[in-house]
Amino acid sequence: HQSAYESDNIKVLCRNPDDYVRETTRDIQRVPRNYDPTLHPFEVPREYTRALNATKLERVFAKPFVASLDGHRDGISCITKHAKSLSTVISGACDGEVKLWNLPRQECLRTVQAHEGFVRGICSRFCGTSFFTVGDDKTIKQWNLEAPGYGVREEPINTILGKAVFTGIDHHQRESTFVTCGQTVDIWDEQRSSPIRSFSWGVDSFSCVRYNPVETELLASCASDRSIVLYDTRESAPLRKVIMQLRSNTLCWNPMEAYYFTCANEDYNLYTYDIRHLDVPVTVHMDHVSAVLDVDYSPTGREFVSASFDKTIRIFPKDKGHSREVYHTKRMQHVICVRWSADNKYVLSGSDEMNIRLWKANASEKLGLLSTREKAAAHYNKKLIEKFQHHPQVRRIARHRHLPGDILKQKREQREMKEARRRREQNVRKHSKPGSVPLLTEKEKHVAAVVE
Amino acid sequence: MSAVMPELLTSTHVEKMKKKKPPKRYWEETENTDQSQRRPEEEEGKAGQNQNESTVKERPLKRKNDERLEKKDPFPGEAPIPHKQLQKFQRGEKCKVPAGARRRLKEAITSSEAMSEHAQKQAARYDLLLPEDAGFLEGDEDEDTNTISQDDIADAVDITSGSKYFSLHLSQFGPYRLDYSRTGRHLLVGGKKGHVACIDWQTKDLMCEMNVMETVNDVKWLHTEAMFAVAQKRWLYIYDSKGVELHCVKKFNDVLRMQFLPYHFLLATASATGFLQYLDVSVGKEVAAICTKMGRLDVMAQNPHNAVIHLGHPNGTISLWSPNQKEPLVKMLCHRGAVRSLTVDKTGTYMVTSGLDRKLKVYDIRAFKPLHSCFLPAGASCLSLSQRGLLSAATGDIVQVYQNILGSSPVSKPYMAHRLRGQIWGLAYCPFEDVLGIGHGEGFTSMIVPGAGEPNFDALDTNPFRSYEQRQEWEVKALLEKVQPELIGLHPEQLSKVDQASFEQRHKEQVEALGFDPLAKVKFKPKTKKKGRSSAGAIEKRKRKVAHEDQRDEIRQSVQERTEREKELKEKSNEKKLGNKSTLDRFRK
């Protein structure tokens with residue numbers, strides 16, 4: 001018997017283990033890949049399973065509460081960020097006390113008894129050397145951000161005595177002027193003790209005034225006659241105002257697209273306006289079940305956070321009608337003020353029960369340094385959730401939030417009320433002359449008038 | 001080979017460039033310079049003649065000269081990828097931007113398409129880096145490869161490969177069924193008379209051997225080589241690799257055949273009582289028990305593409321099952337006699353069946369259509385398809401291997417054949433190896449079939465060389481992405497498609513899920529009023545006010561339309577009347 005087959009005519013798979021097994025135990029394992037789709041069946045179901053797991057893990061790790069800064073002896077009335085330093089915030093309380101906080105160490109750096117009565121507004125100067133406070137005692141005070149030496153009394157750098165109570169203050173982005181609001185909107189020079197200019201438009205008081213971060217001469221303010229007024233500081237008269245159904249408490253400009261601003265309204269909603277078309281809001285953000293008291297944009301301009309009288313804070317995407325996140329704790333009372341940190345990672349909220357709370361802006365985000373693999377895994381999971389977001393299981397898990405019983409009850413009640421209102425309107429329309437009761441969209445309902 | 005080479009070279013994408021000379025050095029004589037290098041100098045000279053004092057102009061010309069000497073990329077642009085290779089990694093059809101799409105949708109579609117194309121190209125490029133090539137066997141001229149004996153093959157190949165042809169003489173407890181683990185390293189054999197053994201067949205290490213003292217109907221590895229299932233005379237047993245009995249699953253009785261679905265962690269069993277049962281081996285729960293009402297089930301296969309179980313029946317039909325449905329997904333009549341054996345290829349495109357009518361048929365199971373059939377004189381009792389599409393059929397005591405059977409070409413001569421002693425009971429290809437395992441009455445034979453196995457494995461999925469830690473890690477990962485049994489269906493890729501259910505269908509599903517119809521009209525309930533105004537008559541009156549409101553609306557509308565139409569007709573007829581004036585009309589009063 002002869003074996004006649006040369007190796008030219010035949011080849012049998014034979015793998016040398018040296019090519020597939022690591023040489024020493026200190027080496028990393030060899031992982032040869034083959035991306036042939038037939039070797040990877042059930043691609044889609046497996047990916048879907050991964051997405052489902054990622055969604056579940058995201059909810060499991062959603063622990064947004066980071067820290068609580070306590071030390072104030074009365075409800076927090078305002079918070080502001082330091083213009084230059086990420087780790088410093090300044091807060092004012094209802095007893096006239098102002099505190100400077102160091103966030104990473106979660107401790108109070110300095111306490112200043114700034115005013116008698118409420119501290120109504122704080123703003124930090126753009127250079128980060130001093131800050132301004134206004135209070136119920138009709139004064140504007142400028143303070144040094146550096147602490148005074150040992151044994152030296154805390155004294156303001158400058159004190160301006162006004163004629164009426166000031167309710168808010170904001171500083172110009174680049175120049176040494178600032179604006180206050182109260183009975184009128186006043187523009188001040190830091191060097192003078194009387195306002196350079198005063199605006200009023202037949203109103204008795206304003207609650208909030210903000211400089212536009214991009215078009216720096218533009219101002220917006222909320223007035224107590226349910227209107228939002230726009231000003232140009234270079235002109236002598238206000239530009240225009242939009243009158244709504246209910247009063248707006250505060251407003252905030254979008255820092256990236258500065259022709260948008262969002263106002264927090266008493267009717268439980270937030271409204272995003274485009275200043276070029278004030279007659280109809282761009283978006284109505286609904287989810288709160290009580291008056292919205294404060295709003296602040298993230299530095300990326302894609303989301304904003306709102307604080308409400310219903311003891312919750314909510315995070316809204318700027319172009320979505322409903323919130324993506326709601327934060328609440330058992331002990332947090334009416335949230336008066338809220339700020340988004342300049343590194344886009346944290347949210348600060350100050351509430352009635354004398355605490356400032358630090359929250360993560362992204363509830364399930366891992367804090368601290370991440371390894372490359374952790375980062376890659378986080379990105380992959382995010383993308384997976386995005387890809388399968390419309391699948392009913394994934395959507396159900398991703399959307400679920402626990403809410404306190406009160407809020408849930410109020411939500412249900414309000415839905416019922418809304419439905420009843422809709423039904424009544426329908427009945428009115430049915431029994432009146434065709435066309436006399438027009439159909440209004442939700443956006444159109446809340447604007448009463450625009451005055452030039 | 002030498003004849004092929006030049007043709008290959010000309011067909012490559014690289015154009016033949018002129019061979020470049022190295023730049024001229026100072027010691028070389030000017031006569032040796034290349035023609036192409038001298039030309040600019042000549043031009044320079046000419047330019048100098050034309051403009052007598054051109055010292056300023058010399059500079060840019062010199063730089064031009066230097067540029068010519070710079071290296072040019074001989075392979076400009078991206079390397080081309082063969083179309084066939086690209087096609088292999090194509091997933092579904094490309095999505096086109098619909099006409100009139102908004103800007104955001106347009107951007108989303110184009111960016112995702114670009115991304116998937118990039119991924120496809122990367123994967124196709126990676127094919128170049130694959131380390132191994134598939135095996136093959138070629139006969140000399142006018143020689144059939146099926147006459148080559150296994151001994152000859154074992155002699156011709158290297159020692160390691162040669163040792164893959166071996167026999168285990170186990171004549172006492174046969175015939176044997178067998179199963180290879182998913183990595184292809186471990187072999188499990190189970191004799192009809194109770195002998196069960198698992199072997200690391202490449203090193204010939206015996207992991208365990210025992211006699212269960214009962215009839216053994218089938219053996220199957222579970223997800224790793226640490227556990228296997230044995231279908232014994234009455235119950236289903238699960239053992240670990242040392243032969244320790246882990247479970248006796250009494251819910252599963254009289255099991256004849258088993259299939260393990262690795263991505264779902266499901267063990268599907270077919271029993272003599274006609275039950276198809278699914279056991280989730282990760283949690284130990286019975287997922288589904290389906291009474292097929294088809295009698296004894298001893299022909300079973302799984303579709304590796306969609307995890308659907310195929311059962312062959314004595315009346316010649318084949319039924320397809322998923323655990324989510326009590327009725328078969330598909331029932332097809334394939335043979336005139338009973339079905340003896342069936343197998344499905346790894347892409348889930350083809351099914352090969354054999355029956356008592358001694359026919360071998362190939363079906364396209366995407367379209368459920370027969371492709372071709374052939375007549376085997378002895379009939380095939382066992383069938384098995386390899387990863388690269390070789391079909392082995394046990395006809396009597398001979399194992400035949402066919403090539404190119406999947407496709408439209410009719411069956412030709414077998415590629416290989418091997419005669420054994422005794423009846424063949426089990427047939428399985430070893431994954432990632434050119435080896436066919438045969439269980440028969442006289443024991444077990446491992447046969448070399450060049451070109452059967454996939455040459456390149458994916459180590460993240462199945463790694464024959466994995467260490468203990470790697471196996472542990474893989475197990476955790478695999479369990480995390482265990483596919484739920486609810487997702488088993490004929491088209492697993494449907495999960496990524498847009499759900500285009502109609503509004504009615506979705507509404508129906510919603511009604512079913514909620515238990516009530518959220519869009520149903522609320523029945524009018526009159527409020528109770530005081531001072532005797534809520535008498536039955538008054539209530540009835542108020543009800544009548546809102547009753548049939550929709551109908552009334554419709555009627556009102558139709559009446560309005562009718563009146564308008566009539567008006568129009570009237571006007572038209574009036575016009576007609578006016579038009580048909582006769583001369584005598586003026587005498588009319």
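## Annotated regions of chain A

UniProt positions are given here in the numbering used for this structure, feature names are shortened, and annotations may be inferred rather than shown by experiment. The model is predicted: local features need pLDDT of at least 70, side-chain atom pairs count only at pLDDT 80 or more, and totals for chains, interfaces and linings use all residues. Residues are numbered from 1 along each chain as its sequence is written, chains are lettered from A and ligands numbered from 1 in the order in which they are written, and side-chain values use heavy atoms, with hydrogens and water left out.

For chain A, UniProt lists "domain: Sof1-like protein" at residues 361-447, from an unreviewed entry. That span is 62% helix and 1% strand, and its end C-alpha atoms lie 31 Å apart. Helices (H or I, at least four residues) and strands (E, at least two) are DSSP runs, numbered from the N terminus. Residues 285-316 of chain A are 0% helix and 56% strand, with end C-alpha atoms 8 Å apart. For residues 328-369 of chain A, the figures are 0% helix and 43% strand, with the ends 27 Å apart.

## Annotated regions of chain B

## The A-B interface

The two chains meet. Contact (heavy atoms within 4.5 Å) links 64 residues of chain B with 40 residues of chain A. The size of an interface is often given as the accessible area lost when the parts come together. Between chain B and chain A, about 5000 Å² is buried, and carbon and sulfur atoms give 57% of that; the figure is the accessible area (1.4 Å probe) that the two parts lose on being put together, summed over both. On the chain B side, Phe465(B), Glu481(B) and Leu495(B) lose the most area to chain A, together 13% of what that side buries.

Polar contacts are N or O atom pairs within 3.5 Å; within protein, one atom must be able to donate a hydrogen and the other to accept it, and residues adjacent in sequence count only if both atoms are side-chain atoms. Across the interface, 21 residue pairs are in polar contact, both residues at pLDDT 80 or more. On chain B, the elements that give two or more residues to the side touching chain A are α5 (103-126), β1 (136-137), α6 (150-156), α7 (159-162) and α8 (468-480). The largest share, 4 residues, comes from α6(B). This side of chain B holds 28 nonpolar, 14 polar and 22 charged residues. Ala, Val, Leu, Ile, Met, Phe, Trp, Tyr, Cys and Pro count as nonpolar, Asp, Glu, Lys and Arg as charged, and the others, Gly among them, as polar.

A salt bridge puts a side-chain nitrogen of Lys or Arg within 4 Å of a carboxyl oxygen of Asp or Glu. The count over all chains is 50. Across the interface of chain B and chain A, there are 6 salt bridges. One joins Arg33(A) to Asp458(B), with the closest N and O atoms 2.9 Å apart. Arg50(A) and Glu481(B) form a salt bridge at 2.9 Å, N to O. This pair crosses from helix α1 (residues 43-60) of chain A to the loop between α8 and α9 (503-514) of chain B.

Strand β1 (residues 10-11) of chain A runs antiparallel to β1(B), joined by 2 bridges. Strands pair if DSSP finds at least two bridges between them. Ile10(A) has Leu137(B) as its bridge partner in β1(B).

## Backbone exceptions

Most residues other than glycine have a negative phi, and most peptide bonds are trans. Tyr268(A) is not a glycine, yet has a positive phi of about 75°. Tyr268(A) sits in the loop between β20 (260-265) and β21 (269-274) of chain A. In chain B, Gly174(B) and Pro175(B) are joined by a cis peptide bond, with omega about -10°. Pro175(B) lies in the loop between β2 (166-169) and β3 (176-180) of chain B.
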